[in-house]
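Student: Hi! Could you walk me through this structure? I'm new to it.
Tutor: Happy to. Let's bring it up first.

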Amino acid sequence: MADGTESARTESARASVGGAPPGGAQAPSPEDAYLERRTLRRGSAGPLLLTGLGVAYVVSGDFSGWNFGLSEGGFGGLAIAALLMGLMYACMVFALAELAAILPTAGGGYGFARRALGPWGGFLTGTAILIEYVLAPAAISIFIGDYVESLGLFGLESGWPVYLACFILFIGIHLWGVGEALRFSLVVTAIAVAALLVFAIGALTDFDAGSLNDIPVDHSAAGATSWLPFGLLGIWSAFPFGMWFFLGVEGVPLAAEETRDPARTLPKAMAWSMGILLVLALLTFLAATGARGSGAVQDAGNPLVEALQPDGKATVLSRIVNYAGLAGLVASFFSLIFAGSRQLFALSRAGYLPRFLSLTSRRKAPFLGLLVPGAIGFALAAWTGDGARMLNTAVFGATISYALMSLSHIVLRRREPGLDRPYRTPGGTVTSSIAFVLACSALVATFLVDKDAAFIALGVYAVALAYFAFYSRHRLVAAAPEEEFAALAEAEAELSRD
């Protein structure tokens, strides 16, 4: 086995649990006992709930955030960036659908990369995903606070009490159970999507193509035109904001162990989620910029409301969209907490992170996987109050994971062509190669937008890698599903060499 770690993993798995009970009764193996305390509720999610989950991850990005890309690339630059990022996500989703059908476990991206790229690749991918799913909810809790204050709800102001209430309330629903949590998420997401459609209908009645390119041209920029006011480089700088229309949809496979018939359900739900998000992105982008003008919404914290208030006065429709924006933020906050807890659960269960974090409750919820990231997220939100910086840091982690997951698909297709694939990616490695190249481009683009956020993410990465290099890689749990799957591949490779 590679670097002799399989025996060490097995030994550590046995050491993590007690010995057999006395008497002649057949005792469960140490591995079984270990995993019994780390199981999720099976069969809780079907195609509808998973499709809703995929949209919920992302829907808040339609209400705000994407418009800041207009300040980087103008209408044309952001339009091209969103088109390319949409292509990246579509290609990646098709690749992940194949990988999820092969390995339907809670590890998601970590599990895929573990099989294809080894323990280091698995840890790098899982850590990048955790950076995204811990920081994004923290940032969104700040945005929720801003919405609560702007709407005058209960006379509350944005601040740590609101952030704390968000984490306590929504983590509490997750602790209740995954089925209940996903149904709640579906209802809130449906409200947000309906409001986006109502917004698009209302805003498109005032659509004016001439207002799309009203941002002043920077004539010093190479290739600058009225459609590309900041030149060709502006397209690249707008990549991270084009991602906001789709950021998070890749988290659907993290629900694999709680899904009915995952090999069939996951690919279907991921494709439906991506299709809905593409339609919403197109409608939102065109309606908001066409109704009011790119210049008017480029710096707005609430661009959809701004687009519906040309004279600055609230209307019935703008109020509806404003409240729905809060629903969209809640949907994304709620679903991202779910995703982060499942990725942490899988990494902990396999020993990459402290094992106690993967313990599950009587309702089969990874309670520490929910509480610990929640506590970290709340602390960051209350301490910094800088939602934009945390989101940019989350985007940096996301792009690393995208590149590694796409690479995993390429490697497995070439190294294990005979692997049973219940679902096959259209276009094969050409599709995942497109996703890989665009993900690498988006990764570099994060340095163009927010260097500090990129270096913060790298600092977190450095600490995590040191922990893995000096401690946890010697204590992996061979019985964990993702590790067992990878070990089987290694054993088959050895037999074929013999």
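Student: Where does glutamate 483 stand, buried or exposed?
Tutor: Glutamate 483 is buried, at a relative accessible area of 0%. Buried means under 20% relative accessible area, exposed means over 50%, and partly exposed is in between, using a 1.4 Å probe and protein chains only. Before we go on, this is a predicted model, where local features need pLDDT of at least 70, side-chain atom pairs count only at pLDDT 80 or more, and totals for chains, interfaces and linings use all residues. Residues are numbered from 1 along each chain as its sequence is written, and side-chain values use heavy atoms, with hydrogens and water left out.

Student: OK, so which residue forms a salt bridge with glutamate 483?
Tutor: That's arginine 114, and the closest N and O atoms are 3.0 Å apart. A salt bridge here is a side-chain nitrogen of Lys or Arg within 4 Å of a carboxyl oxygen of Asp or Glu.

Student: Is arginine 114 buried or exposed?
Tutor: Buried, with a relative accessible area of 1%.

Student: How many salt bridges does a search of the whole structure find?
Tutor: It finds 11. One of them joins arginine 264 to aspartate 261, at 3.3 Å from N to O. Arginine 264 is exposed, at 59% relative accessible area, while aspartate 261 is partly exposed, at 42%.

Student: What about glutamate 306, which side chain does it meet in a salt bridge?
Tutor: The side chain of arginine 292, at 2.9 Å from N to O. This pair also links distant parts of the chain, with glutamate 306 in helix H13 (residues 303-307) and arginine 292 in helix H11 (residues 262-292), 14 residues apart. Glutamate 306 is partly exposed at 28%, and arginine 292 is partly exposed at 25%.

Student: Which residues do salt bridges with shared partners join into one network?
Tutor: Glu98, Arg413 and Arg421.

Student: New topic! Where is serine 332 found?
Tutor: Serine 332 is in helix H14 (residues 316-349). Its relative accessibility is 0%, so serine 332 counts as buried.

Student: What is serine 332 in contact with?
Tutor: Leaving aside neighbours within four places in sequence, serine 332 contacts Ala56, Tyr57, Val58, Val59, Ser60 and Ile140. Contact means heavy atoms within 4.5 Å.

Key: Helices (H or I, at least four residues) and strands (E, at least two) are DSSP runs, numbered from the N terminus.
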